[in-house]
Amino acid sequence: MKKKLWIILALTSLTLLLTGCTEYNQPIYSDTEGFWSKYIVWPFVSFITLFKGILGTYAWGIVCVTIIIRLAILPLMIKQTKSAKKMQELQPKLAKLKEKYSSKDAVTQKKYQEEMMKLMSESGANPAAGCLPVLIQMPILIGFYHAISRMNSTPEINLGDFFMFPLAEPSIVLAVLAGIMQFIVLRTGPAMDNPQMRIMMYIMPFMIIGLGSYLPAALSLYWVIGNVITFIQNLVMYKPWNKTTKPAKTGGAKK
């Protein structure tokens with residue numbers, strides 16, 4: 001049942017995203033038709049414009065909307081963080097369980113899956129918890145990008161600059177800053193014992209730098225502000241300064 005629900009959610013999200021993909025460079029107004037434009041893009045435009053009126057520039061409007069977005073999804077991010085910590089604590093028990101049910105026959109593997117699910121249920125760990133914030137952030141990120149692009153295509157709107165960086169144009173400086181912040185966020189997050197996760201830790205910042213190099217600087221600004229908030233969250237929840245490295249085991253006879 002849960003699997004079907006995730007499939008339906010994914011297909012619905014994909015449909016909504018594709019609906020607005022062909023309009024990313026079209027002007028946006030309050031009476032613009034279409035579900036994506038009316039209920040996803042226009043609310044972003046409205047909030048950015050609202051804070052622009054209060055703070056004086058679209059740049060600070062974007063900063064405020066970014067902070068609001070990140071605070072809105074903060075409970076999900078905290079839940080994801082707690083689940084990641086529980087999964088990390090479970091690793092020794094999961095390793096023993098895998099060793100116990102090392103046989104590859106169907107009966108043994110079924111028993112292994114049952115014991116693993118029972119162990120996770122008792123501990124409150126949920127490996128799927130990390131997917132939910134990502135699924136929620138993707139439409140937000142794409143909707144935010146569409147809002148910036150369509151505001152830039154609207155003759156009545158001039159996004160202006162953030163200090164020296166034009167928000168409607170790519171900025172390699174903000175892109176690099178976003179990549180650096182992403183790396184810091186990953187370094188201050190949970191320990192990554194999985195080799196694949198370690199590789200992703202080094203790949204993701206470069207992916208963000210690559211995307212930020214040709215997307216509007218406003219999106220890089222979103223990443224920078226969002227990662228600053230996540231960095232503060234990691235400091236509170238993970239306390240990276242308390243992390244200790246285990247000394248390597250060495251052989252040799254006891255004296």
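Which residues form one aromatic cluster? In this predicted model, where local features need pLDDT of at least 70 and side-chain atom pairs count only at pLDDT 80 or more, totals for chains, interfaces and linings use all residues. Residues are numbered from 1 along each chain as its sequence is written, and side-chain values use heavy atoms, with hydrogens and water left out. The cluster is made up of F44, F144 and Y222.

A search of the whole structure turns up 6 aromatic pairs (rings of Phe, Tyr and Trp, the last by its six-membered ring, with centres within 6.5 Å; planes under 30 degrees apart are stacked, over 60 edge-to-face, the rest tilted). One of them is F35 with Y39, tilted at 40° with 5.1 Å between centres. Both sit in helix 2 (residues 35-55), 4 residues apart, or about one turn of the helix (helices are DSSP runs of H or I, at least four residues, numbered from the N terminus).

Setting aside neighbours within four places in sequence, F144 is in contact with residues including F44, I48, I62 and Y222 (contact means heavy atoms within 4.5 Å).

How values were computed. Helix = DSSP H or I, 4+ residues; strand = E, 2+ residues; numbered from the N terminus.
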